[in-house]
Amino acid sequence: CVCMCVAVAADVGKRDPAMILQPIHQGGYLWRMARSEREPSLLRLAADVGKLVLVTRTAPEASALAERLTLSGMPLRIATNGDQEKAVAAYTDGDHTSLVTTHDLVVERAPMQATVVVHTRPPATARSYLRRLRAVPAPVHVMLVLPEDERAVATLFPQIGDDDATARRPSEPLDAVLDLTTGDRPAAIAGGRRRFPLVR
């Protein structure tokens, strides 16, 4: 399976500095943002893509994030422990329903199918990160990096970089990576040899 770790920003048409993606390995990008930008950006991303899987480190983080997004009007289900079967089924069956879950649950249920996966915080270790990629074989993985995560990211990603040439590429805007301007057609990865359809 090919896992694309893509850091996605909100408004596709603009070349805002907040939309600049930093390559970290083949198909891999980081999206840096302020903490206050996280929920609004996730709402806009869900509106563009239709469905997301948001992976948190712990159940309390999942509950807090799900509550904030639900209050903002984002259709979603939360799967942590006892409610996981119904929540995953509702996510699978819903056209515009996102799923908020935890690292442990996606690893336990592997493989879990998804189109776009958002890692809301960097995992603690490179091994955990690779386990997530294998557990959710989605074409697109999004890594959000908040200011407090910078040190962890600086330690984590040199351990998993698999393509020095890719890592040396300059940063690029979102619309060079993720094409959400395809009208009624599914969104797709832009450019190059690989194009992965994203279900709206």
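**Exercise 1. Which residues does Glu-39 touch, not counting residues up to four places away in sequence?**

Some ground rules first. This is a predicted model, where local features need pLDDT of at least 70, side-chain atom pairs count only at pLDDT 80 or more, and totals for chains, interfaces and linings use all residues. Residues are numbered from 1 along each chain as its sequence is written, and side-chain values use heavy atoms, with hydrogens and water left out.

Solution. 
- Step 1: Glu-39 is in helix 1. Helices (H or I, at least four residues) and strands (E, at least two) are DSSP runs, numbered from the N terminus.
- Step 2: list the contacts (heavy atoms within 4.5 Å). Glu-39 touches Leu-65, Arg-68 and Leu-69, with residues up to four places away in sequence not counted.
- Step 3: Glu-39 counts as buried because its relative accessibility is 13%. Buried means under 20% relative accessible area, exposed over 50%, partly exposed in between (1.4 Å probe, protein chains only).
- Step 4: look for a side-chain partner. The side chains of Glu-39 and Arg-38 are joined by a polar contact of 3.2 Å. Such a contact is a pair of N or O atoms within 3.5 Å; within protein, one must be able to donate a hydrogen and the other to accept it, and residues adjacent in sequence count only if both atoms are side-chain atoms.

**Exercise 2. Find the buried residues of helix 2 and what covers them.**

Solution. 
- Step 1: take the span. Helix 2 has 13 residues and reaches 18 Å from its first C-alpha to its last, close to the 18 Å expected at 1.5 Å a residue. The expected span is 1.5 Å times one less than the number of residues.
- Step 2: pick out the buried residues. They are Ala-62, Leu-65, Ala-66 and Leu-69.
- Step 3: look down the axis. The buried residues of helix 2 fall within an arc of 100°, so they line one face. The arc is that of the directions from the helix axis to the C-beta atoms.
- Step 4: turn to the face away from the buried side. Pro-60, Glu-67 and Leu-71 are exposed there.
- Step 5: name the cover. It includes helix 1, strand 4 (53-56), strand 5 (76-78) and strand 6 (98-102).
- Step 6: step past the end. Gly-73 follows helix 2, with a positive phi near 95°.

**Exercise 3. Repeat the analysis for helix 3 (residues 84-93).**

Solution. 
- Step 1: Gln-84, Ala-87, Val-88 and Tyr-91 are buried.
- Step 2: these residues line one face of helix 3, because they fall within an arc of 95° seen down the axis.
- Step 3: the face turned away from the buried side carries the exposed residues Glu-85, Lys-86 and Asp-93.
- Step 4: strand 4, strand 5, strand 6 and helix 4 (103-108) are among the elements that cover the buried residues.

**Exercise 4. Where does Val-53 lie, and what does it touch?**

Solution. 
- Step 1: Val-53 is in strand 4.
- Step 2: Val-53 is buried, with a relative accessible area of 0%.
- Step 3: Val-53 touches Tyr-91, Leu-99, Thr-101, Ala-114, Val-116, Val-117 and Val-118, not counting residues up to four places away in sequence.
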